[in-house]
Amino acid sequence: MSESFDIPIGPLHVALEEPMYFQVSVQGETLTGMELYAGHVHRGIEYLTAKRNIYQNLVLLEHVCSLCSNSHPETFSMTLETIAGIEVPPRAHYLRMIADEIKRTASHLFNVAIMSHVIGFDSMFMHVMQAREIMQDVKETIFGNRMSMAANIIGGVRYDLTGELTAFLLAQLDKLEPILRDEIIPAYATNRTILSRTRGIGVITREECVDHGLVGPVARGSGIAFDVREAAPYAAYAELDFATQTMTDGDVWSRAMVRLHEALVSIGLLRQCVARLPSGPTNAGPLPHIPAGEAIARTEAPRGELLYYVKTVGTDVPERVRCRVPSYMNWEALKVMMRHGRVADIPLIINSIDPCVSCTER
């Protein structure tokens with residue numbers, strides 16, 4: 001019997017993209033326990049929202065996280081639109097969905113690329129990152145920025161798609177779709193290197209996902225067919241045709257395959273949005289007085305359900321802004337995924353939940 005001991009990992013470690021401290025208990029090469037310690041980059045953003053007006057908060061909340069930078073201001077805007085009874089124009093709804101799906105595609109490809117890097121398959125890492133660069137070009141061309149797109153305003157969006165930009169977007173989708181469908185997804189589905197390092201690793205069952213309240217691709221990788229876009233449609237998702245992607249094995253590979261198939265679905269949604277894009281204004285016009293009130297809104301961010309609660313008191317400075325990010329629940333599930341695992345699998349399992357320290361420690 002090997003001696004038991006603890007391994008400190010983090011808060012700054014080559015295997016971590018953001019600071020987080022893990023105290024991992026091992027017996028030989030087998031994991032026997034893990035504790036998480038957060039708080040290394042807490043920024044007090046929720047407190048700061050009560051010191052700024054709603055326009056300043058749109059900018060502040062866009063900087064909670066770069067990969068979810070469209071979802072935070074969009075969901076915040078939805079709460080204020082509910083409180084003030086603002087009717088968002090149909091064209092703005094479609095433009096919001098276009099921004100959402102562009103971010104989702106880029107975010108998912110980034111995560112599965114990192115997975116290849118973690119297992120030492122760097123040629124695949126570079127191939128996926130090169131494909132992701134197509135969506136980065138889309139963001140830079142349409143929004144003028146590769147990460148924070150500043151697409152949302154209260155009552156609509158601040159950007160529009162001209163005929164030239166629409167043609168560019170469709171041309172980029174034509175480039176990305178065959179690479180994703182015919183090269184990347186088959187490689188992740190059949191490559192021996194990927195399968196040997198990801199199948200049966202970091203398993204969490206459907207029942208354990210329910211117990212931990214998991215959301216997003218992590219839950220869908222264990223067979224839970226829950227996607228806010230389908231379960232509680234917002235914007236104009238109810239008008240689009242798409243299916244929630246699930247896998248059943250609940251391991252690292254299943255979570256990666258869900259993300260890859262969801263990226264393909266996002267490309268289909270982008271085509272539908274462009275084809276059905278209504279004419280008309282892109283926002284509701286001058287912002288009316290925001291009365292006292294409170295509201296909750298939720299969207300499907302790249303990592304799962306993002307929920308915002310906002311309380312106003314009749315001024316342009318909110319009294320309380322609270323958000324629940326998908327990473328918050330998914331962190332705790334690592335304890336389940338890592339039980340009886342191997343030390344070498346720790347970075348791989350952590351990456352498989354697509355963790356976001358920036359969202360968690362907002």
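**Exercise 1.** Find which side chain meets that of arginine 229 in a salt bridge, and work out which parts of the chain the pair ties together.

*Solution.* Start with the rule: a salt bridge needs a side-chain nitrogen of Lys or Arg within 4 Å of a carboxyl oxygen of Asp or Glu. The side chain of arginine 229 meets that of glutamate 101, at 3.1 Å from N to O. Arginine 229 sits in helix 10 (residues 228-231) and glutamate 101 in helix 4 (residues 90-118), so their pairing ties together parts 128 residues apart in sequence. Helices here are DSSP runs of H or I with at least four residues, strands are E runs of at least two, and both are numbered from the N terminus. Last, check burial: both arginine 229 and glutamate 101 are buried. Buried means under 20% relative accessible area, exposed means over 50%, and partly exposed lies in between (1.4 Å probe, protein chains only).

A word on the model: it's predicted, so local features need pLDDT of at least 70 and side-chain atom pairs count only at pLDDT 80 or more, while totals for chains, interfaces and linings use all residues. Residues are numbered from 1 along each chain as its sequence is written, and side-chain values use heavy atoms, with hydrogens and water left out.

**Exercise 2.** Decide whether arginine 220 is buried or exposed, then find its salt-bridge partner.

*Solution.* Arginine 220 has 1% relative accessibility, so it counts as buried. Its partner is aspartate 227, with the closest N and O atoms 3.9 Å apart. Aspartate 227 is buried too, at 1% relative accessibility. Now follow the shared partners: salt bridges join Glu101, Arg104, Arg220, Asp227, Arg229, Glu262 and Glu300 into one network.

**Exercise 3.** Take the salt bridge between arginine 146 and glutamate 133, and say where each residue lies.

*Solution.* The N to O distance is 2.8 Å. Arginine 146 lies in the loop between helix 5 (122-143) and strand 4 (152-153), and glutamate 133 in helix 5, so the pair ties together parts 13 residues apart in sequence. Arginine 146 is partly exposed, at 30% relative accessibility.

**Exercise 4.** Work out which strands stand at the edges of the open three-stranded sheet.

*Solution.* The order is 1-2-3, with antiparallel pairing; two strands pair if DSSP finds at least two bridges between them. Strand 1 (4-9) and strand 3 (30-37) each have a single partner strand, so they stand at the edges. For a closer look, six bridges join strand 1 to strand 2 (residues 21-27). Isoleucine 9, for instance, has phenylalanine 22 in strand 2 as its bridge partner.
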